[in-house]
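Reader: I have a new structure open and would like to go through it. Can we look at it together?
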Amino acid sequence: MSAGHSEHLFVPGSSFLHRIPPQCKVASLVLFVFAVVASPREQYWAYGAFAALMVVLAAAAGLPILLLARRLTIELPFVAFAVLLPFVAGGPRRDIGPVSASIDGLWGAWNILAKGTIGVGATLVLTATTSVPDLIRGLERLRLPSALVAMLTFMVRYADVITAEMQRMRIARLSRGYDPRWLWQARAVAHSAGTLFVRSYERGERVFLAMQSRGYDGRMPSAGGLAASTRQWLAALALPAAATVVMAASWLARS
Amino acid sequence: MTPPALKVSSLTYAYPDGTFALRDVSFSVTAGERVAILGANGAGKTTLVLHLNGVLGGGPGEVHVGGLRVEKANMRECRRRVGIVFQDPDDQLFMPTVAQDVAFGPANLGLTGDVLATAVDDALKAVGMAHVGERAPHHLSFGQRRRVAVATVLAMQPELLVLDEPTSNLDPASRRELSDVVRHLDLTVLIVTHDLPYALELCPRTLILNDGTIAADGPTIELLADEALMTANRLELPFGFDARRFAP
């Protein structure tokens, strides 16, 4: 229970990127991703430029590229889908070595791969330089509805507790000689899931009781984020600004 | 004359299915007293505790805290005055960081800015946990979490501290660290527990609950030494423990 999943993405540091207020970073990330997604897929060089921006950012934050590369593996399921696309999509085809691939599918695969990788990469830089509580403070300052902020807060707090509970139930199951591995044994797993749900629900009631006892009246206190200065905003928005320039240039180059 | 820290009069409570959890419970506690509440599982201890800050209520009888009646109109002040530390610290600590969690209560009372920060610092210092403010609760050991849970309540500057099973799942060192904390608090304290030596160590006075009624109310040492009383209330001392040895 001690090693929290929710914290393991954060890489402690004191770089410029670490110190910039979280709300600026979140806004900057979202705008950056918009610029990337809005760029035409035919302009390969634009994606080189976006990737270069990412590398510069990671270096500025003092993040080891290898670490980011390892974390990028989270997008593998999407990559698998992208790799399949040229073979299942319709339209005109062309031969690549021994196999024939759909041209539309190839473009689609490239589009998903390039934009996805850059988007995930940027998100990884954000999560590596921002602790989870800070991230929540940032979202709160960006006026995310308070119900959503509260839900995120509880999710972060209880993800580990519930995972640990699940782990204990699994061990208890194993200890009694039952190790379901096959689909037809799903019944036991479903039972566990049901039990876990009921337990979590009951925990929710106990947490609510504890909240009430400390004067909760339906409104969570602010997470206490600090306002960002104009300079910090300008610094944070330099990234999406650069990306927007690249995007505009790629559209101009296309026409 | 100052009113008693806690006065419970003829408190009765039945669950919706009709089973009585409390029947005509009356007692009072003077300011600064430490009182243990003992009783077997299902004796009504937790139900009693939840009446003290008005989470449960609606039955006959009254609860007064420092002279103030626990009722809807006074609920906010009552919940400030009565600090309940629940059994599972994972239920009590629900915010992402320790400091945010300790700030939850005082923030609900309207504290902000530096005053709030000071309240948080003071409470964490009182339980010897000043260094963990920015940590996540689930990264602390169980004993540390229990002490932080006490801090979350102390930050509201309560007049009555209620500890529900404070020693469950604690190792002996954490158990002693917690008793050091409790002993140094200048507060009225109620301790609900199955840990009889702990009750003896911290509380000069004990109430025994049985089936929703008060079966005994007296000096802890005398009650624990009364074998017939103990057996009648399904209470047992640990093996080899002789309460009479501690008699004055």
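Author: One term to begin with: a residue counts as buried if 20 or more other C-beta atoms lie within 10 Å of its own. Also, this is a predicted model.

Reader: Fine. Which residues are buried in α1(B)?
Author: K45(B), T46(B), T47(B), L48(B), V49(B), L50(B), H51(B) and L52(B) are buried there. That is eight of the eight residues of α1(B), so the helix is largely enclosed by the rest of the structure.

Reader: What does α1(B) lie across?
Author: Helix α1(B), residues 45–52, lies across β3, β6, β7, β8 and β9 of chain B. Its direction is at about 150° to β7(B). Helix α6 of chain B, residues 142–154, also packs on the sheet, where it touches β6 and β7 of chain B. The direction of α6(B) makes about 165° with that of β6(B).

Reader: And just after α1(B), which residue takes a positive phi?
Author: G54(B), with a phi of about 75°.

Reader: Back to the sheet. What is the order of its strands?
Author: The order is β6-β7-β8-β3-β9-β10 in chain B, an open sheet of six strands with mixed pairing. At the edges are β6 (82–85) and β10 (213–219) of chain B, each of which pairs on one side only. On average, neighbouring strands are turned by 20° against each other, ignoring direction.

Reader: How many bridges join β9(B) to β10(B)?
Author: Six, and the two strands run antiparallel. Within β10(B), D217(B) is the residue that stands opposite L207(B).

Reader: New topic. Which residues touch the most other members of the largest nonpolar core?
Author: They are I37(B), V102(B), V120(B), A151(B), V162(B), I191(B) and A199(B), in a core of 77 residues. A second, separate core has 25 residues, including F32(A) and L239(A).

Reader: What is V162(B) in contact with?
Author: Apart from neighbours within four places in sequence, V162(B) contacts V49(B), L52(B), V82(B), G83(B), I84(B), V85(B) and L190(B). Of these contacts, V49(B) and L52(B) are among the buried residues of α1(B).

Reader: How many residues of chain A are in contact with chain B?
Author: 27 residues of chain A, which meet 26 residues of chain B. On the chain A side, α7 (132–141), α8 (146–175) and α9 (186–213) each give two or more residues. The most come from α9(A), with eight.

Reader: What kinds of residues are on that side of chain A, nonpolar, polar or charged?
Author: There are 14 nonpolar, six polar and seven charged.

Terms used: Residues numbered from 1 in each chain as written. Chains lettered and ligands numbered in written order. Predicted model: local features only at pLDDT ≥ 70, side-chain atom pairs only at ≥ 80, totals over all residues. Core = buried A, V, L, I, M, F, W, Y, C linked by C-beta atoms within 7 Å. Buried ≥ 20, exposed ≤ 12 C-beta atoms within 10 Å, placed from the backbone. Contact = placed C-beta atoms within 7 Å. Helix = DSSP H or I, 4+ residues; strand = E, 2+ residues; numbered from the N terminus. Nonpolar A, V, L, I, M, F, W, Y, C, P; charged D, E, K, R; others polar. Pairing = 2+ DSSP bridges. Axes fitted to C-alpha atoms, helices over the stretch in contact; angles between N-to-C directions.
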